[in-house]
Amino acid sequence: MTISDADQQAGSPEPSLTTQIVMLGTGTPRPDPDRSGPATVIVVNGMPYLIDFGPGVIRRAVAAYNKGVLAIGPAAVNLRTVFVTHLHADHTAGYPDLLLTPWILGRKDPVSVYGPKGLSDMTQYVLNAWKVDIDSRLNGIDRLPASGCAVHTHEIEAGIFYRDGNIKVTAFPVRHAGLENAFGFRVETPHKTIVFSGDTAPTQSLLDNSHGCDVLIHEAYSQATYDKVAPKWQAYRRENHTSSTELAELANRVRPELLILTHRVNIGAAMAMPDPEDVLLDEVRRLYKGNVVTGHDLDIF
Ligand SMILES: [Zn+2]
Ligand SMILES: [Zn+2]
């Protein structure tokens with residue numbers, strides 16, 4: 001399913017009438033240099049929509065642009081419509097990067113960000129924290145336009161919260177870390193329905209929102225890594241995340257055309273074991289016979 005570099009380079013720079021899923025970051029809070037914090041771009045008819053902005057988001061976005069995803073724009077200046085599943089740091093630590101870096105490199109228009117309660121405060125704190133930089137770029141030698149670092153925030157509830165000519169996005173509540181506001185997203189485009197689990201333990205709401213879904217992008221941990229961690233962390237995983245077995249059961253009910261595993265928990269190097277990625281995939285495939293892959297940073301589907 002992954003579009004090869006050659007296909008990308010052969011593609012026209014004109015916006016094509018398709019939906020592309022570009023994995024920018026497939027990691028977790030663990031600072032794995034090969035896996036940036038959670039972030040995905042959906043490109044619909046040449047328009048990019050960003051979901052989550054984990055650490056490394058803009059560098060990965062530029063890598064995707066360099067790989068041929070021209071919709072992102074140079075220096076990711078076109079990432080201006082943004083949805084966030086929940087406010088955990090691994091999904092949001094790229095926020096100042098998202099707001100400031102493309103502005104410094106040429107973005108002239110505001111960013112619109114949709115996410116859970118607390119997003120407006122987070123935004124204001126980020127802008128306040130970087131006040132010295134922002135003031136200097138507005139009033140110093142750069143004279144950057146204020147519009148380029150303006151942010152319109154929208155705090156969302158469960159239900160349809162965004163719709164335009166390309167895309168309709170529905171938030172559904174998930175079960176994660178006792179957060180009052182953690183969501184999964186159902187994204188409908190003219191070409192595909194894509195469901196994002198966000199971070200969650202198994203929940204009925206995901207099933208309820210996954211009917212007719214073409215692509216399910218779901219977090220997962222493997223039973224083999226689960227067996228290696230302390231009972232406290234086993235309980236943590238059970239309450240907040242989804243195991244390979246649980247995900248296989250769920251996928252058997254949803255039957256997506258493609259299941260993409262992401263936010264794969266990896267354990268410390270001290271716990272020597274076979275590549276946890278292969279182990280996880282094997283565990284899912286033992287119980288689920290549909291099309292399933294592990295997502296990597298910069299994969300395109
Ligand atoms: Zn996470
Ligand atoms: Zn989380």
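Predicted model: local features only at pLDDT ≥ 70, side-chain atom pairs only at ≥ 80, totals over all residues.
Entry 1: Residues are numbered from 1 along each chain as its sequence is written, and chains are lettered from A and ligands numbered from 1 in the order in which they are written.

I noted that S9 and strand S10 (residues 193-196) pair in the antiparallel sense over four bridges; strands pair if DSSP finds at least two bridges between them. Helices (H or I, at least four residues) and strands (E, at least two) are DSSP runs, numbered from the N terminus. A hairpin of four residues joins S9 to S10. Strand S8 (residues 168-173) also pairs with S9, antiparallel over six bridges, and phenylalanine 172 has glycine 184 as its bridge partner in S9.

**Entry 2: Burial of S9.** I checked S9 (residues 183-188) for burial: six of its six residues are buried, so the strand is largely enclosed by the rest of the structure. Buried means that 20 or more other C-beta atoms, placed from the backbone, lie within 10 Å of the residue's own. Phe183, Phe185 and Val187 point one way, whereas Gly184, Arg186 and Glu188 point the other way.

**Entry 3: Isoleucine 42.** I listed what isoleucine 42 touches (C-beta atoms, placed from the backbone, within 7 Å). Leaving out residues up to four places away in sequence, I recorded Thr19, Ile21, Tyr49, Ile51, Val187 and Ile194.

Notes. Contact = placed C-beta atoms within 7 Å. Buried ≥ 20, exposed ≤ 12 C-beta atoms within 10 Å, placed from the backbone.
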